[in-house]
Amino acid sequence: MLVPYSWFQILWYFYIYGFLGWCSEVAFAAVAHGKFVNRGFVNGPICSIYGFGVMSVLLVLGPLKSSLWLLFGGSVLFTSAIEYLTGWVLEKVFHDKWWDYSKRPLNIKGYVCLEFSVLWGLACVFVVDVFQPLVAKVVDLIPKKLGWVLLGTFSALWIADNIITAMEIRKLPKKLRALQAIEAAGRKVGQDISDEIGEEIYIRTSDAKDRGMEVYTGMKEKSTELAQKRAEASIERRSELLARRSELLQRREEILSHRNIVHERIAQAFPALRSGQTNGRAFTRVHEHAQRRKELTKAVKAKAKALKNKAKDRT
């Protein structure tokens, strides 16, 4: 038998290690940032790269278990290749890096670096030598019928989650283009308003000059009437521009306030995307708006709590 595991075992190992990988990522983010961050490509509690990575190591490097150094070296190379390939594919599909190790020493195009490759190697040695035998025993205890039902459910949810996440991310450039168009129109309106204000100042100045020359020309009434009409036209035009700017600001706010949980989660989970050349601005906007919403919600809750305590003190 070329493959030492059945499909039942392979799928269970994939989901178990994917879930444990997600737990480790969440724990790392909690320690590093002091808050919960839902890591991973999909929305569910699984980091697929861990599932694929560990399962691939078990299949390919399992025979090297008897040699610790060969297992470690093979794990470093193999997991680095998986991480590099995954990062490269994600960048080609979505046109931005999802993680970037460029600032870490001995990295390869920001996709992999020596520090994390060594950690991957150590983790794989621990998994293959110590942890996997325990997982295998647990999986063997799962009743086959119940196990396949659960695997079918997990697989359906995982596939749907991947499709939804990919579709939502693909929508982001359209949202960015809409925001850029609105902001460009807003800048044009702002420039037009400035021009109208300058025109009105010019009209008023010219009118004052004309009234000063009335003793020489005798055209006081005519020049005043003309200046008044020009000023009224300028004021009307400026009112239209202000209304247009208000409309653009409202449309911009509507786009930003339309909450997309997938965009917010991805923007928080993968900070490197906020620096991307293609969708970086969009992810930054999404992240900033989400942070403002959280701060506002927190402030409202604090205010409500203060009012509740105040009312309790009165009674």
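This report walks through a pocket, the aromatic pairs and the salt bridges of one predicted model.

Local features in this predicted model need pLDDT of at least 70, side-chain atom pairs count only at pLDDT 80 or more, and totals for chains, interfaces and linings use all residues. Residues are numbered from 1 along each chain as its sequence is written, and side-chain values use heavy atoms, with hydrogens and water left out.

**The second largest pocket**

By residue class, the lining has ten nonpolar residues, one polar and one charged. Here Ala, Val, Leu, Ile, Met, Phe, Trp, Tyr, Cys and Pro count as nonpolar, Asp, Glu, Lys and Arg as charged, and the others, Gly among them, as polar.

Helices (H or I, at least four residues) and strands (E, at least two) are DSSP runs, numbered from the N terminus.

**Aromatic rings**

Rings of Phe, Tyr and Trp (its six-membered ring) pair if their centres lie within 6.5 Å; planes under 30 degrees apart count as stacked, over 60 as edge-to-face and the rest as tilted. The count comes to 21 aromatic pairs. One of them joins W69 and F72, whose ring centres are 6.4 Å apart with planes at 90 degrees, so this pair is edge-to-face. Both residues belong to helix 3 (residues 68–94) and stand three residues apart, about one turn of the helix. W69 is exposed, at 71% relative accessibility (exposed means over 50% relative accessible area, buried under 20% and partly exposed in between, with a 1.4 Å probe and protein chains only).

Y101 and F116 make a stacked pair, with centres 5.1 Å apart and planes at 20 degrees. Y101 lies in the loop between helix 3 and strand 1 (107–108) and F116 in helix 4 (residues 114–140), so the pair ties together parts that are 15 residues apart in sequence. Y101 is buried, at 14% relative accessible area.

Ring pairs also link F8, W12, F14, Y15, F52, W148, F154 and W158 into a cluster.

**Salt bridges**

A salt bridge is a side-chain nitrogen of Lys or Arg within 4 Å of a carboxyl oxygen of Asp or Glu. The whole structure has three salt bridges, listed here.

| Salt bridge | N to O distance |
|---|---|
| E25 and R39 | 3.1 Å |
| E91 and K97 | 3.6 Å |
| R104 and E115 | 2.8 Å |

R104 sits in the loop between helix 3 and strand 1 and E115 in helix 4, so their bridge ties together parts that are eleven residues apart in sequence. R104 is partly exposed, at 34% relative accessible area, and E115 is partly exposed at 40%. E25, by contrast, is buried, at 16%.
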